[in-house]
Each structure stands twice: as structure tokens, then as C-alpha cells.
Amino acid sequence: MTASVLPREKLVDWYRRNRARSRALFELISEDAYFSQPITLRHPIVFYEGHLPAFSYNTLGKKALGREPIDNRLEQLFARGIDPHESRADGRPDDDHRARWPSRREVRAFATEADRQVETLLEAAELDVPGNPLLESAAAAYTILEHEAMHQETLLYIWHRLPFEQKRRPVDYHPITAGGAPPTRWCDVPAGRATLGVDRGVIPFGWDNEFGSLTTDVDAFRIQQHDVTNERYLEFVGAGGYTDPSWWTPVDWAWIQQDNITHPLFWEQHDGEWQWRGMFELLPLPLNWPVYVSQAEASAYARWNGSRLMTEAEFQRAAYGSNAGERQYPWGDSPPTPDLGVFDFASWDPQPVGSHPDGASAWGIEDLVGNGWEWTSTTFAPFPGFTAMATYPEYSADFFDGEHVVMKGASPVTARELLRPTFRNWFRARYPYVYATFRCVRDGK
């Protein structure tokens with residue numbers, strides 16, 4: 001089976017949809033937030049409005065097609081945004097950022113011209129050139145399209161840390177909190193084989209860490225039907241989980257003590273009551289929502305619970321396995337729709353667990369794709385035969401450092417194009433900002 005490249009008009013439409021969504025996200029924030037740095041491990045907001053069009057033009061226009069610069073200074077300034085090590089956060093104050101970066105007007109003028117030229121290239125340039133590693137199977141075009149879709153999620157979890165008064169609340173913002181959480185139930189996943197990665201040419205596009213294909217045997221295991229909820233995690237907090245080093249690795253315990261962490265980042269306590277920091281307001285802690293935590297916190301809870309986190313191979317088996325072979329999605333091979341899960345920008349916040357039973361896997365496990373990325377215990381590493389991609393060679397290779405952990409699935413704001421079973425996400429174990437949850441696993445009997 002050989003994958004086919006999307007028709008040119010669909011690539012153009014995808015780019016335009018991406019850019020329209022990104023512009024809408026930047027319109028959510030006030031002018032006084034533009035040079036702020038809500039997360040010190042990330043760039044200030046101004047960077048991202050320039051980075052998205054700059055990356056697209058740098059990758060497709062200059063690198064792949066040899067076009068001349070639009071503004072070489074800005075193209076270099078906005079070239080790349082990575083996650084610096086937690087010990088190297090610069091924490092510069094807003095005034096420094098305002099002096100270091102161009103004005104919003106200058107950034108938007110550059111973005112407008114970059115968009116014009118990228119659209120022209122997508123409409124008329126030779127995008128699919130066999131034998132050219134930058135252009136074969138339209139690699140550069142797919143790279144810029146998926147890159148922007150991924151960064152839109154980054155924007156939103158950065159926006160989440162902004163003060164509410166610096167964001168414009170949409171009129172249709174109505175978080176769904178009603179209903180109780182279903183009781184804890186364990187599902188049995190029989191022993192079987194799981195496919196990690198994919199062979200080249202099978203899918204239209206993949207990031208380099210998705211290749212090649214590796215089939216592995218997975219022992220039988222038991223897994224929670226639903227993600228751990230705020231209600232269940234509250235039991236861990238109430239039992240002194242953040243004050244007992246026995247549940248934490250030494251490096252994670254040092255982080256807990258150094259940063260004085262006593263609860264998940266998305267929780268706040270006001271007048272003795274727990275609140276959830278939603279995108280646009282504080283809410284009484286929704287007990288039926290999945291808890292969002294770092295991998296370090298998820299691992300500590302699992303130990304306290306007498307369990308563990310699943311491996312990447314176990315996720316693949318739980319999500320895509322069945323008695324009849326592997327599926328494209330947990331629910332089968334039909335395309336993603338809103339009734340199957342909380343993904344593709346369906347919600348600003350999570351939704352109650354158990355609210356999308358039609359998206360369950362063959363083993364009855366729900367929300368494996370959507371409502372929050374799933375932390376695993378697997379260190380991010382290449383599959384056999386890994387080769388860095390020509391369009392973005394540092395994309396994965398810079399993070400095969402033993403410090404990053406694989407996440408699978410999707411969050412409420414993960415684009416539908418990224419829901420393929422081979423897509424891998426990763427962050428450091430002590431990075432608490434992403435929309436990531438978890439569920440517990442035990443060995444099968």
C-alpha cells in the first residue's frame with residue numbers, strides 16, 4: 001500500500017484554515033499580554049505570532065524551494081521554539097521582552113507577506129518531487145501544516161496561564177461539568193501484538209520519530225476504563241501524597257520540595273475550596289473531569305494506588321488492538337466525529353469522563369484519544385532505522401536525551417489530522433502545563 005499526497009487544493013485549504021485559527025487565537029489576548037511570558041520555559045507570546053509564518057516560509061519557501069528571504073532578520077529571530085531545560089528558564093521581565101522583540105504591527109506585516117508567499121507556493125510550486133528528500137511526497141508542505149496545528153495547542157496551554165483579564169472570553173464558553181464520575185472499573189486487555197511506528201510510504205506524512213515499524217508482544221494487563229478523575233486524585237492529595245517521599249522518585253521529590261508543589265497546577269484553592277483554573281474562569285473543581293498533571297505526579301499517584309503507568313506498547317494495544325487485528329482508531333476505522341471523543345478543538349477545557357462511550361476501544365476503554373494526552377512510562381526514543389527528516393532534522397533527534405517521556409492520544413485541542421495511531425508526543429516528566437492525564441495499569445492474571 002502506497003499513501004497518496006493530498007490534492008493541491010486541499011493543502012491550500014488546510015493552510016488557510018490553520019492560519020485563520022491561529023489569528024483567532026491571537027485575537028483572544030489583550031494588547032498588554034503580547035510581550036508577556038506566561039510560562040518561563042517558553043518564549044514570550046510575541047515570538048509565536050512570528051514563528052508560525054516564519055517557520056512555514058523558512059521550511060517551504062527558502063529551504064525546500066530556494067526562494068529569497070522576505071526579511072532575513074525576522075526569519076532568523078522567529079526560526080525555532082524549543083522547550084528549554086527547567087533549570088535554564090530565563091524568566092526575563094516583560095520590559096526586557098518588549099525591548100528584544102519587534103512591535104506587533106511589524107510582526108503582523110511580516111506574517112501577512114509570508115502568508116501571501118506561502119499560499120502562492122502551495123498553489124503553484126512543484127511540491128512533490130520524487131527523490132528530493134525535502135519535497136518527495138510533499139514533505140515540506142505537510143511539515144508546515146502539521147507544525148502549525150501542533151503549535152495551536154501550545155498557544156492554548158500558554159494562554160491558559162494568562163490572567164483572565166488578559167483574555168477575551170468567547171460568548172459560547174460554557175464548560176460542561178454536570179453529572180457524576182462513573183465508578184472505577186478495570187478492563188482486561190489480553191496478551192497480543194502491538195505495532196509501534198509505521199513503514200515509510202504507508203501514510204501520506206509522518207514525523208521522523210514515527211518511522212520505522214516495530215511489532216512487539218504485549219503481555220495481558222488490566223487498565224482503568226477511564227482516566228483518573230479530579231475526584232480520585234483528590235484522595236491522593238488528601239492522603240498526604242505530596243508530603244510523602246515514598247511515592248516519588250528522588251529527582252521528582254526534589255522537584256516537589258524545591259518548587260513547593262502541593263497539588264496539580266490546574267487546581268487552585270480559595271477560601272478552603274478547590275477550584276479548577278479553566279481557560280476563562282475559575283470553576284468549582286469538576287470532580288468528573290480527568291485530572292491534568294505532570295508525568296511525575298501521575299507516576300506518584302499510580303504507586304500510591306498500587307499500580308503503574310502504561311507503556312507506549314500497552315497504549316497501542318489498549319487503543320488500537322482487537323481480536324480481529326489493529327484498528328485505525330480506538331472505535332474502529334470510521335473518521336473522527338464529535339460523538340467519539342473530545343478532540344479537534346471541540347472544547348476549551350476537558351469534559352466529564354465517560355461522556356463519549358461510542359469512542360471506546362475494542363476492550364471497552366474510553367477516551368484513549370481525546371480529553372487529555374495519556375502519559376506513559378516510556379522514554380522517548382527512536383524506533384529501529386530512525387533517520388532524521390530533511391525538512392526538520394532537529395525535530396526529534398534533539399529530544400532523544402533520556403529526559404523526555406512519550407504521551408499518546410490527544411487533548412481537546414489536538415487537531416484531527418494528528419489523531420493517527422503512530423503520532424507521538426513527548427515532554428519532560430516534570431512539565432505540568434500540558435493537557436495531559438493518565439490512567440493506571442496492573443499486570444494481568
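These legends describe close-up views of one predicted model. Local features need pLDDT of at least 70, side-chain atom pairs count only at pLDDT 80 or more, and totals for chains, interfaces and linings use all residues. Residues are numbered from 1 along each chain as its sequence is written, and side-chain values use heavy atoms, without hydrogens and water.

**View 1. An open sheet of four strands.** The strand order is β11-β10-β9-β12, with mixed pairing. Strands are DSSP E runs of at least two residues, and helices are H or I runs of at least four, numbered from the N terminus. Strands pair if DSSP finds at least two bridges between them. β11 (425–428) and β12 (436–437) are the edge strands, each pairing on one side only. β9 (residues 372–379) and β12 run parallel, joined by two bridges. Glu374 has Thr437 of β12 as its bridge partner.

**View 2. The largest pocket.** Its space is about 880 Å³, the volume filled by probe spheres set on grid points joined across faces, edges and corners. A pocket is an open set of points on a 1 Å grid over the protein atoms alone, with protein on both sides within 12 Å along at least five of seven lines; a cavity is a set where a 1.4 Å probe fits but cannot get out; lining residues have an atom within 4 Å of a point. Of 31 lining residues, Ile203, Pro204, Gln328, Arg420 and Pro421 lie nearest the centre. α6 (139–159), β2 (192–196) and α10 each give two or more residues to this lining.

**View 3. The second largest cavity.** This cavity holds about 40 Å³ of space. Its lining includes Tyr292, Trp348, Asp349 and Tyr435.
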